[in-house]
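Here is a quick tour for anyone meeting this fold for the first time. Take a look at the model, then read on.

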Amino acid sequence: MKTLTLSPSCSQQDMRERAGTYVDRSDYDYLINDDCNAYTEDGEPLFFFRKNRISGDLCLSAYKVLRKAANPSRNRGPAGGEIRKRDHRHVKTEKGWKRIKYDGTIANTSESNLVNSGIVGYFDRNPRFPYCRQTAWFADNFEKFSTAYPFIKSINDLFKEACPEKYAAQKNYTDQTLSDWLLGDTVFSTITVNKNFRTALHKDAGDCVDGLGNLAVLSAGNYEGGYTVIPRYRVAFDVQSGDVCFFNVHEYHANTEMKAKLAYERISVVCYYRQNMLHCLDPKTELKRVANRMRGEKVN
């Protein structure tokens with residue numbers, strides 16, 4: 001097993017200034033495509049790459065289902081590329097929705113580029129949705145997801161095998177979380193699914209601070225690129241179908257450009273635990289919060 005100890009090539013501030021921009025070949029010295037463990041010079045886990053660990057049958061079953069979870073979205077923030085300002089809004093009229101210009105009393109808002117991305121599983125409360133809930137796609141496709149679950153369970157088991165300390169740290173949170181908000185017998189609550197999405201530099205937010213992101217890929221057709229790069233440590237990994245990489249998603253990361261002569265699909269599957277799921281109550285109580293919100297009552 002190859003083991004690397006990597007030192008940062010720049011500061012976190014340098015990375016923050018590049019957030020929302022793209023990476024290329026100049027951003028990495030190492031390209032990992034075989035079993036490898038990597039740590040920072042302080043001994044902190046950076047990534048654990050495992051090659052060809054998930055069977056083709058499990059990958060195919062998951063591909064057929066999860067590819068449909070990635071739909072057009074502008075909700076990926078810096079990961080979707082340079083954020084653009086909007087100078088309009090949509091209002092509902094008797095004749096339907098109408099696009100109007102902002103007036104001087106309304107601040108402009110921002111939106112990221114349109115990308116194919118979706119969320120599967122469960123999500124915690126936020127100001128817009130002050131209740132824990134199933135994601136829309138998951139609620140509509142719960143039975144279909146069962147055919148992809150063995151693939152997700154394999155990722156979970158490889159996580160435990162590759163980096164047991166980080167797995168145990170994440171399991172400490174899931175053990176305190178109601179099973180209603182977990183994806184079966186795993187340490188995951190949520191999955192982000194992307195299709196042919198070249199992410200720009202970003203850090204993940206909301207996931208378990210003591211765990212790792214679990215990246216797998218499902219693909220059809222042939223393409224080049226799509227490497228996941230951590231430019232601060234000048235390393236990239238080429239995750240193909242059947243591979244898994246467990247890495248510190250709180251470091252800025254992005255994907256290189258993908259190129260192909262014919263049609264292809266690269267479905268990236270990122271499994272994680274959203275740390276605030278720890279505070280979710282039982283589903284019936286959360287549904288009461290939804291009902292209160294629909295009646296116009298304030299939900300804390």
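Two strands count as paired if DSSP finds at least two bridges between them. With that in hand, Ala 38 stands opposite Phe 47 in β4.

## The big picture

First things first: what you are looking at is a predicted model. The protein chain has 300 residues, and 48% of them count as buried. Its secondary structure comes to seven helices and 20 strands.

## Strand β3 and its partners

Let's start with β3, which runs over residues 36-40 and is mostly covered, with four of its five residues buried. Strands of a sheet pair through backbone hydrogen bonds, either parallel or antiparallel. Strand β1 (residues 2-6) pairs with β3 in the parallel sense, over five bridges.

## A four-strand sheet

Elsewhere, four strands make up an open sheet in the order β2-β16-β15-β18, with mixed pairing. The edges belong to β2 (30-32) and β18 (254-255); each has a single partner strand, so one side of each is left without a neighbour in the sheet.

Strands β15 (residues 228-230) and β16 (residues 235-237) pair in the antiparallel sense, and three bridges join them. Here Thr 228 stands opposite Phe 237 in β16.

## Helices with a buried side

Now for helix α6, residues 164-174. Its buried residues are Lys 166, Tyr 167, Gln 170, Tyr 173 and Thr 174. Look down the axis of α6 and these buried residues fall within an arc of 115°, so they line one face of the helix. What do they pack against? The buried residues of α6 pack against β4 (45-50), α5 (149-162) and β20 (265-272).

Helix α2 (residues 56-66) has its own buried set: Cys 59, Ala 62, Tyr 63, Val 65 and Leu 66. The packing partners of these α2 residues include the helices α3 (136-140), α4 (142-145) and α5. Strands join in as well, namely β12 (190-195), β13 (213-220) and β20.

## Rings meeting rings

Counting ring pairs with centres within 6.5 Å, the total comes to 13 aromatic pairs. Take Phe 129 and Tyr 131: their ring centres are 6.1 Å apart and their planes are at 75°, so the pair is edge-to-face. Phe 129 counts as partly exposed, at 27% relative accessibility, while Tyr 131 is buried, with a relative accessible area of 13%.

Phe 138 and Phe 145 make another pair, with ring centres 5.2 Å apart and planes at 80°, so this one is edge-to-face too. Both Phe 138 and Phe 145 are buried. They also belong to one aromatic cluster, together with Tyr 122, Phe 142 and Trp 181. Phe 123, for its part, has a charge over its ring: the charged end of Arg 274 sits there, 4.0 Å from the ring centre.

Tyr 149 lies in helix α5 and counts as partly exposed, because its relative accessibility is 22%. Between Tyr 149 and Gly 184 there are 35 residues in sequence, yet 8.1 Å in space, C-alpha to C-alpha.

Then there is Lys 259, found in strand β19 (residues 258-259). Is Lys 259 buried or exposed? With a relative accessible area of 51%, Lys 259 is exposed, since the cut-off is over 50%. Lys 259 touches Tyr 223 and Glu 224, not counting residues up to four places away in sequence. Lys 259 and Tyr 223 are 36 residues apart in sequence and 5.5 Å apart in space, C-alpha to C-alpha.

Note on methods:
Residues are numbered from 1 along each chain as its sequence is written. This is a predicted model: local features need pLDDT of at least 70, side-chain atom pairs count only at pLDDT 80 or more; totals for chains, interfaces and linings use all residues. Side-chain values use heavy atoms; hydrogens and water are left out. Buried means under 20% relative accessible area, exposed over 50%, partly exposed in between (1.4 Å probe, protein chains only). Helices (H or I, at least four residues) and strands (E, at least two) are DSSP runs, numbered from the N terminus. The arc is that of the directions from the helix axis to the C-beta atoms. Contact means heavy atoms within 4.5 Å. Rings of Phe, Tyr and Trp (its six-membered ring) pair if their centres lie within 6.5 Å; planes under 30 degrees apart count as stacked, over 60 as edge-to-face and the rest as tilted. A charge sits over a ring if NZ of Lys or CZ of Arg is within 6 Å of the ring centre and within 35 degrees of the ring normal.
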